[in-house]
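These are my notebook entries on what I looked up. The sequence and the model come first.

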Amino acid sequence: LSRVEQNKACAKTVYVNVPVQTAFKKYTLEANTLFAYAKSGSNDMLQKGHEEVKEIATQIINQQDQISHISVFGYTDPTGTEAFNQQLSLQRAETIRNFLTIYGVARQNISIEGRGEQDLVVNDCQIRYATDKMAREQCNLPNRRVEIIAYGIKAE
C-alpha cells in the first residue's frame, strides 16, 4: 500500500516488573490477652497485651526496610449489637495503633479498621452452646481478636 511506510518499525513491547503489595507478616492477638472483656481503651489493656504489642513493634522496627505499611484490624464476637461490636472493634484497632506508635512504629504507616463480628473464626458458638453462657464465651474467644498485618513490596 502506498500509504504505509515501508521501513517503519513497530514499537516493541516492553515488560516491566511492577512492585506489588504483599502480606509480609501477620500477627493475631487474642482480645482476651489484650483487653478486659468488652473493653478497648488504653487503660483497659492488660499487661500481657502490652508485652505482645511491644514485641510486635520491635519486630516491625527491625524489619522496617522490608515493610511498606501496616494494617490493624479489630474484631469482636457476635454477642451484642452490630453497632456496638463495630465501634468496639474500631476502638481496639485504634488502641493497638496508638501503642505501636508509642513503641516506635511510624503512625503514618499504620491504617486501622474495625470489622466487628465479620470474618468469625468460629461461627457456631451460639448454636452449640445456646444454654451454656460460659461455654459460649470460651467458644467465642478466637473471634475476639486484633490482627496486625505488615505489608511488604516485591516485584512480580
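Is Asp119 buried, partly exposed or exposed? I found Asp119 partly exposed, at 45% relative accessibility. Here buried means under 20% relative accessible area, exposed over 50%, and partly exposed in between, with a 1.4 Å probe and protein chains only.

Before going on I noted the ground rules. This is a predicted model, in which local features need pLDDT of at least 70 and side-chain atom pairs count only at pLDDT 80 or more, while totals for chains, interfaces and linings use all residues. Residues are numbered from 1 along each chain as its sequence is written, and side-chain values use heavy atoms, with hydrogens and water left out.

Entry: salt bridges. I counted a salt bridge where a side-chain nitrogen of Lys or Arg is within 4 Å of a carboxyl oxygen of Asp or Glu. Side chains of opposite charge can pair when their charged atoms come close. My search of the whole structure gave 10 salt bridges.

I looked up Asp119 again and found its side chain in a salt bridge with Arg115, 3.7 Å from N to O. The charged end of Arg115 also sits over the ring of Phe73, 3.9 Å from the ring centre. For this, CZ of Arg or NZ of Lys must be within 6 Å of the ring centre and within 35 degrees of the ring normal.

I then turned to Arg145, whose charged end sits over the ring of Tyr75 at 3.7 Å from its centre. Arg145 also forms a salt bridge with Glu147, 3.1 Å from N to O. Both of these residues are buried. Lys26 joins Arg145 and Glu147 in a network of salt bridges.

Next I checked Glu52 and Lys48, which form a salt bridge with the closest N and O atoms 3.5 Å apart. Both lie in helix 2 (residues 47-62), four residues apart, about one turn of the helix. Helices (H or I, at least four residues) and strands (E, at least two) are DSSP runs numbered from the N terminus. Glu52 is partly exposed at 21%, and Lys48 is partly exposed at 47%.

Entry: Ile110. I placed Ile110 in strand 3 (residues 110-114). Ile110 is buried, with a relative accessible area of 5%. Leaving out residues up to four places away in sequence, Ile110 touches Ile70, Val72, Arg97, Leu100, Thr101 and Val105; contact means heavy atoms within 4.5 Å. The C-alpha atoms of Ile110 and His69 are 6.1 Å apart, although 41 residues separate the two along the chain.
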